[in-house]
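Trainee: Please look closely at the backbone geometry of the loops in this model. From there, continue to the side chains that deserve attention.

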Amino acid sequence: MKRRIEFPCTIMRGGTSKGIFLREEVLPEDPLLRERIILAVFGSPDLRQIDGLGGADSLTSKLAIIAPGKGGDRDVNYTFGAVGIETAFVDYSANCGNISSAVGPYAVEEGLVKAVEPYTEVRIFNTNTKRMIRARVPVKKGRFYPEGDYAIDGCPGTGSRIDLTFVDPGGVATGRTLPTGNVSDELVLADGKRYEATIIDAGNPTAFVSAADLGLKGDETPRELDGDPEIIGKLEEIRRAVAGKMGIPLARSIPKVSWVAPPRAFKTGDGRIFDPGEVSFLARVLAMGKIHKAYALTAAIPAAIGAVLPGSVVRRAAGHRIDRDAERIVIGHPAGTIEVKVELRGDTSLEVKGCTIGRTARRIMDGRVYISEKIYEGAD
């Protein structure tokens, strides 16, 4: 086996996340060796990831493995990995929507798709969910053009808008948008407490519960809740119950749990105040054991679907602000808002043709990352 101690890599911001992009062709096929190399690249396990490129935060310890598309319907294959910080793992159970928004620009820059001005459509096959994503990437002079005046909450500054459409997002884990067949299910925890939940398998499988049922208002900050082991423990127990209802293994990334509340004035971490009329509903989500500092795109997709689903926990939180034909669903989260457009097939079914979200992205660095030869100890 030829041992590599250096690997070409790119660091990109996608939406409100940041990740390391590696080409699949440079990684070994052996999954155990591949994982050791990836963990070494990130500097995991270590609270600060001081000996690697990881950002020591669940939103910045993320991986994208990219390969040329196989077949005429795709331009690139993209695999997402959530990389552990204090624990040594690479979790491939789910996709990350924010990192997905950087895949199209990366593909243009790497010549994996022919660049066409002013916009290039990049057809991305996500191997985690086995679903297609279409990225509308701004292009100028044959390259991704990141400059623009589009702003997203949870990321400073502005950039060019990348429209990201998740095609047929329903049923990524179970084959059904409503995996239990019910608009709402009852979850019973070990202490006998019961919670009503709407479980939607789209984007990433996510269960939605009422903030009031959890004793919350829905406008709490991540700092408030991450410091409360009781609420984090309760949310993790709800996650286990949801996995059981869905009939899927409990993974580090999925199922996700989100809690929703009717609109109310709320303050973001940077001090901005949003009025109730600016959002359809409020939402928070647990991601990798922490309260997401903004809102996961792959939770925003099922949240928006839930908003147009009569009788769902999300629809009740949104109330009269949403109808089935609503195209503009705005979710209020700890960093501001995120807008989702839902396109349904037909008038009576819950078949979702696509969900579109605007994002920005930026290529931050290209270079080589070095690892110790000791990583190969024990390899054939």
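Mentor: Helices (H or I, at least four residues) and strands (E, at least two) are taken here as DSSP runs, numbered from the N terminus. The model is predicted: local features need pLDDT of at least 70 and side-chain atom pairs count only at pLDDT 80 or more, while totals for chains, interfaces and linings use all residues. Residues are numbered from 1 along each chain as its sequence is written, and side-chain values use heavy atoms, with hydrogens and water left out.

I begin with the loops. P45 belongs to the loop between α1 (31-42) and β3 (62-68), and the peptide bond that joins S44 to P45 is cis, with omega about 0°. A cis bond also leads from E117 to P118, where omega is near 0°; P118 is placed in the loop between α2 and β6 (119-126). Most residues other than glycine have a negative phi, and most peptide bonds are trans.

K141, although not a glycine, has a positive phi of about 55°, and its place is in the loop between β7 (131-140) and β8 (143-144). K141 is exposed, with a relative accessible area of 73%; in these terms buried means under 20%, exposed over 50% and partly exposed in between, for a 1.4 Å probe and protein chains only. M288 likewise is a residue other than glycine with a positive phi, near 55°. The loop that holds M288 runs between β16 (281-287) and β17 (290-291), and M288 counts as partly exposed at 27% relative accessibility.

Turning to the side chains, the structure holds two aromatic pairs. Rings of Phe, Tyr and Trp (its six-membered ring) pair if their centres lie within 6.5 Å, and planes under 30 degrees apart count as stacked, over 60 as edge-to-face and the rest as tilted. F21 and Y106 have ring centres 5.2 Å apart and planes at 40°, so this pair is tilted. Because F21 lies in strand β2 (residues 17-23) and Y106 in helix α2 (residues 97-109), the pair ties together parts that are 85 residues apart in sequence. F21 is buried at a relative accessible area of 1%, and Y106 is buried at 2%. F266 and F274 form a stacked pair, 5.1 Å centre to centre with 10° between the planes. F266 is buried at 2%, as is F274 at 9%.

Charges also meet rings here; a charge sits over a ring if NZ of Lys or CZ of Arg is within 6 Å of the ring centre and within 35 degrees of the ring normal. R74 lies over the face of F125 at 4.0 Å from the ring centre, and the charged end of R252 sits over the ring of F89, 3.9 Å from its centre.

Finally, consider D185, found in strand β10 (residues 185-188). D185 is buried yet has no salt bridge, and the nearest side chain of opposite charge, K245, is 4.5 Å away. A salt bridge requires a side-chain nitrogen of Lys or Arg within 4 Å of a carboxyl oxygen of Asp or Glu; for charge, Lys and Arg count as positive and Asp and Glu as negative, with His and the chain ends not counted. Beyond its neighbours within four places in sequence, D185 has contacts (heavy atoms within 4.5 Å) with T180, Y195, E196, A197, I199 and K245.
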